[in-house]
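Take the fold as a whole before turning to its surface. Then follow the patch and the pockets in turn.

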Amino acid sequence: MEASGSEVGVTVRTTTRVADGRAGLAYPGIAVADGFTEVVYLCGLRQDRSNVAFQNMRTSQ
């Protein structure tokens, strides 16, 4: 049986090691239809301490 989009959930976790174990956060994934469709700028990053991940949500054409 194939699941429809309304029957599937995605949670993203970001973690890092700290002195007493691990620290992190979790947040929901978003649907392709909810992604950006125009140019987006990411401002305010620090040169010495910024971790960023991107996901290309373009569908194959």
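A residue is buried under 20% relative accessible area, exposed over 50% and partly exposed in between, using a 1.4 Å probe and protein chains only. The model is predicted, so local features need pLDDT of at least 70 and side-chain atom pairs pLDDT 80 or more, while totals for chains, interfaces and linings use all residues. Numbering starts from 1 along each chain as its sequence is written, and side-chain values use heavy atoms, without hydrogens or water.

Start with the overall picture. The protein has two strands and zero helices. Strands (E, at least two residues) and helices (H or I, at least four) are DSSP runs, numbered from the N terminus. Of the 61 residues, 2% are buried. Accessible areas follow the Shrake-Rupley method with a 1.4 Å probe; for residues, only the protein chains shown count as cover.

Now the surface. Val10, Val12, Leu25 and Tyr27 make a nonpolar patch with about 330 Å² of accessible area together. Patch members have over 30% relative accessible area and no salt bridge; nonpolar side chains (Val, Leu, Ile, Met, Phe, Trp, Tyr) are joined within 5 Å, like charges within 9 Å. A salt bridge puts a side-chain nitrogen of Lys or Arg within 4 Å of a carboxyl oxygen of Asp or Glu.

Valine 10 sits in the segment before β1 (11-18). Valine 10 counts as exposed because its relative accessibility is 52%. Proline 28 belongs to strand β2 (residues 21-28). Proline 28 is exposed too, at 62% relative accessibility. Valine 10 and proline 28 are 18 residues apart in sequence, yet their C-alpha atoms are 6.0 Å apart.

Next, the pockets. A pocket is an open set of points on a 1 Å grid over the protein atoms alone, with protein on both sides within 12 Å along at least five of seven lines; a 1.4 Å probe fits at the points, and lining residues have an atom within 4 Å of one. Volume is the space filled by probe spheres on the points, which are joined across faces, edges and corners.

The largest pocket holds about 570 Å³. Its lining has 16 residues, with Phe36, Ala53, Phe54, Gln55 and Met57 nearest the centre. Phenylalanine 36 lies in the segment after β2. Phenylalanine 36 is exposed, at 66% relative accessible area. Its C-alpha is 8.7 Å from that of methionine 57, 21 residues away along the chain.

The second largest pocket holds about 160 Å³. Val12, Tyr27, Pro28, Gly29, Ile30, Gln55 and Met57 line it.
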